[in-house]
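Have a look at the sequence and structure, then read on.

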2 protein chains.
Amino acid sequence: MSDERLDNVEHYLRLAMEEAERAVQEGNHPYGAVIVSASGAVIATGRNGVNTDHDPSSHAEMNAVRAACRRLGTLALNDYWLFTNGPPCAMCATVMIAAGLGAIWYGAPSGPERTMPTLEELVERSSGAKPTVHQGVLAEEASAQLLRLS
Amino acid sequence: MSDERLDNVEHYLRLAMEEAERAVQEGNHPYGAVIVSASGAVIATGRNGVNTDHDPSSHAEMNAVRAACRRLGTLALNDYWLFTNGPPCAMCATVMIAAGLGAIWYGAPSGPERTMPTLEELVERSSGAKPTVHQGVLAEEASAQLLRLS
């Protein structure tokens, strides 16, 4: 498989963590995401803006998906991968599945107290697109950052 | 219970159906929503804009929640009710729960082929807000409109 992204997953996860850092500097929650093309180009970034936007949907993955679709003029992100520092919520998981992302990589795992559906559960239940899901890239670093910024 | 909205649930559901009509006229999917205050004032409307916005998150309920939070400068819609013509998807259900809406009324039920979580399932699983959910107001009329517009 000749995919520029595969050699650089840690790099992209770190870019997502940098977005998370910016989100906190702006007064929001510590989450960031990036979307990457098959050639390895970052085509969209997103970070949490819930507090400053007064928008409960302004999550990192949501904002990255919206930016990518707007930029590309498409509703189908099949050739793209999304990287995010934390475990996606059910809202973001659903929109990522709807957008048909090829793969989703995330760092910190879900906590044991989570009751709402995980990305993995929603991909399993989807009757449409089923992105491959990779949890654990830079997991310790991403978890430590979340603890520090929260 | 002295709540202006209770006497007018069919009226608000019809307003949501009018939004759905507008969505289709604009080239989008047949879904509309309105958010109503305790005194019965419509404080936000939303309709599907997925195709024209190139935005997979541009659903009726999502757009209504975003508009209401922006207008009120809040993340907490606890005193508000949302009316929508069709069954909310998992994305919209999650953001409606996150926004703490007091009640959600919808018309047409989910189809038997649905595999993704319903609003009812997500409310049941939520460890935070639990809006009351009412399905079936103008159900036949809303279902017939969906069939006609789809």
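Predicted model: local features only at pLDDT ≥ 70, side-chain atom pairs only at ≥ 80, totals over all residues.

Helix α4(A) is mostly covered, with nine of its nine residues buried. Buried here means that 20 or more other C-beta atoms, placed from the backbone, lie within 10 Å of a residue's own. Among the buried ones are C92(A), M96(A) and I97(A). The cover includes α3 (60-72), β3 (81-84), β4 (103-106) and α5 (119-125) of chain A, together with α4 and α5 of chain B.

Residues are numbered from 1 along each chain as its sequence is written, with chains lettered from A and ligands numbered from 1 in the order in which they are written. Helices (H or I, at least four residues) and strands (E, at least two) are DSSP runs, numbered from the N terminus.

So what does α4(A) do with α4(B)? The two pack at an angle of about 160°, with their axes 8 Å apart. The axes are lines fitted to C-alpha atoms over the stretch in contact, and angles run from 0 to 180 degrees between N-to-C directions. That makes the pair roughly antiparallel, a label for angles over 145 degrees.

Zooming out, 27 residues of chain B are in contact with 27 residues of chain A.

| Element of chain B | Residues |
|---|---|
| α3 | 60-72 |
| α4 | 90-98 |
| α5 | 119-125 |

That side has 15 nonpolar, eight polar and four charged residues. Ala, Val, Leu, Ile, Met, Phe, Trp, Tyr, Cys and Pro count as nonpolar, Asp, Glu, Lys and Arg as charged, and the others, Gly among them, as polar.

As for chain A as a whole, there are six helices and five strands, in the order α-β-β-α-α-β-α-β-α-β-α from the N terminus on. Buried residues make up 49% of its 150 residues. The C-alpha atoms of chain A fill a box of roughly 35 × 30 × 30 Å along the principal axes.

Definitions and conventions: Buried ≥ 20, exposed ≤ 12 C-beta atoms within 10 Å, placed from the backbone. Contact = placed C-beta atoms within 7 Å. Parallel < 35°, antiparallel > 145°, perpendicular 65-115°, else oblique.
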